[in-house]
Amino acid sequence: MGKINHMMLIAAILGVIYIGFLHVNIQQAIQKEAPVHADYLIVLGAQVRGTVPSLSLQYRINTAAEYLTRNKSTVAIVSGGQGSGEEISEAEAMKRGLLKNGIEESRIIMEDRSTSTYENIKYSKQLIPEGAKKGFLVTNDFHVYRAEKIAASQGLNLQGISAKTPKVVLIKSYVREYLAITKFYGTELLRKIHLLDR
């Protein structure tokens, strides 16, 4: 019994160290300052309730609108499909939000097929304006690190611009993100092993 308890203690310590490692990486991604005059932003989708953006998505819209207002030559790719309980796509909700903030429709590109962060990047990549070089991601702070890593796995060097996370979902969001990052690590490891075996 003592050996089992000892192993459980080691596993718990390793688990705490791993969560700490993830949290540090997330916080470091949040701390970065976004340089001015990006060619484009990819604004990642989040839940829409009917036609109303969730608070998480509204914070992303607000952050993107602030950047676009200050940087008049930047265009926005709003990325997100239509899920269960959503009467419009997440991209449409973001477009409407940006228009309300005075962003010209000509500066908004819609990507409304994606159902995950991976697809957000994959489909938005196809819509990046020709000749555009400097781009950024806009998402909630807890999500920036994984979004940057997913972009990098698809050949895009994109820094994140972080919107705040609603306090009411803060703990749940971070717990889910730890699991999502772990899944991403595993998927990437399997992909690299598969490439080595070819």
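Student: How much space lies in the largest pocket?

Tutor: A pocket is an open set of points, on a 1 Å grid over the protein atoms alone, with protein on both sides within 12 Å along at least five of seven lines. Grid points are joined across faces, edges and corners, and a volume is the space filled by probe spheres set on the points. Here the largest pocket holds about 1200 Å³. Please keep in mind that this is a predicted model, where local features need pLDDT of at least 70 and side-chain atom pairs count only at pLDDT 80 or more, while totals for chains, interfaces and linings use all residues. Residues are numbered from 1 along each chain as its sequence is written, and side-chain values use heavy atoms, with hydrogens and water left out.

Student: Which residues lie nearest the centre of the largest pocket?

Tutor: Lining residues have an atom within 4 Å of a point. There are 41 of them in the largest pocket, and Gly45, Thr117, His143, Arg146 and Arg176 lie nearest its centre. By kind, the lining has 10 nonpolar, 20 polar and 11 charged residues.

Student: Which helices each supply at least two residues of that lining?

Tutor: Helices are DSSP runs of H or I with at least four residues, strands are runs of E with at least two, and both are numbered from the N terminus. In this model the helices are H2 (55-70), H4 (117-125), H5 (144-153) and H6 (170-197). H6 gives the largest share, 10 residues.

Student: What volume does the second largest pocket have?

Tutor: Its volume is about 220 Å³. Among the residues lining the second largest pocket are Ile30, Gln31, Tyr67 and Ile161. Helix H1 (2-31), H2 and strand S7 (159-163) each give two or more residues to this lining, and the largest share, 4 residues, is from H2.

Student: In what order do the strands of the open sheet run?

Tutor: Two strands pair if DSSP finds at least two bridges between them. The open sheet has 5 strands in the order S5-S4-S1-S6-S7, with parallel pairing. At its edges, S5 (108-111) and S7 each pair on one side only. Inspect S1 (residues 40-44) and S4 (residues 75-79): 5 bridges join these parallel strands, and Tyr40 stands opposite Val75 in S4.

Student: Which strands does H4 lie across?

Tutor: Contact means heavy atoms within 4.5 Å. Angles run from 0 to 180 degrees between N-to-C directions, using axes fitted to C-alpha atoms, for helices over the stretch in contact. H4 lies across S1, S4, S5 and S6 (135-140), and runs at about 150 degrees to S1.

Conventions
1 Å grid on protein atoms, 1.4 Å probe; cavity = no way out; pocket = protein on both sides within 12 Å on 5 of 7 lines; lining within 4 Å. Nonpolar A, V, L, I, M, F, W, Y, C, P; charged D, E, K, R; others polar.
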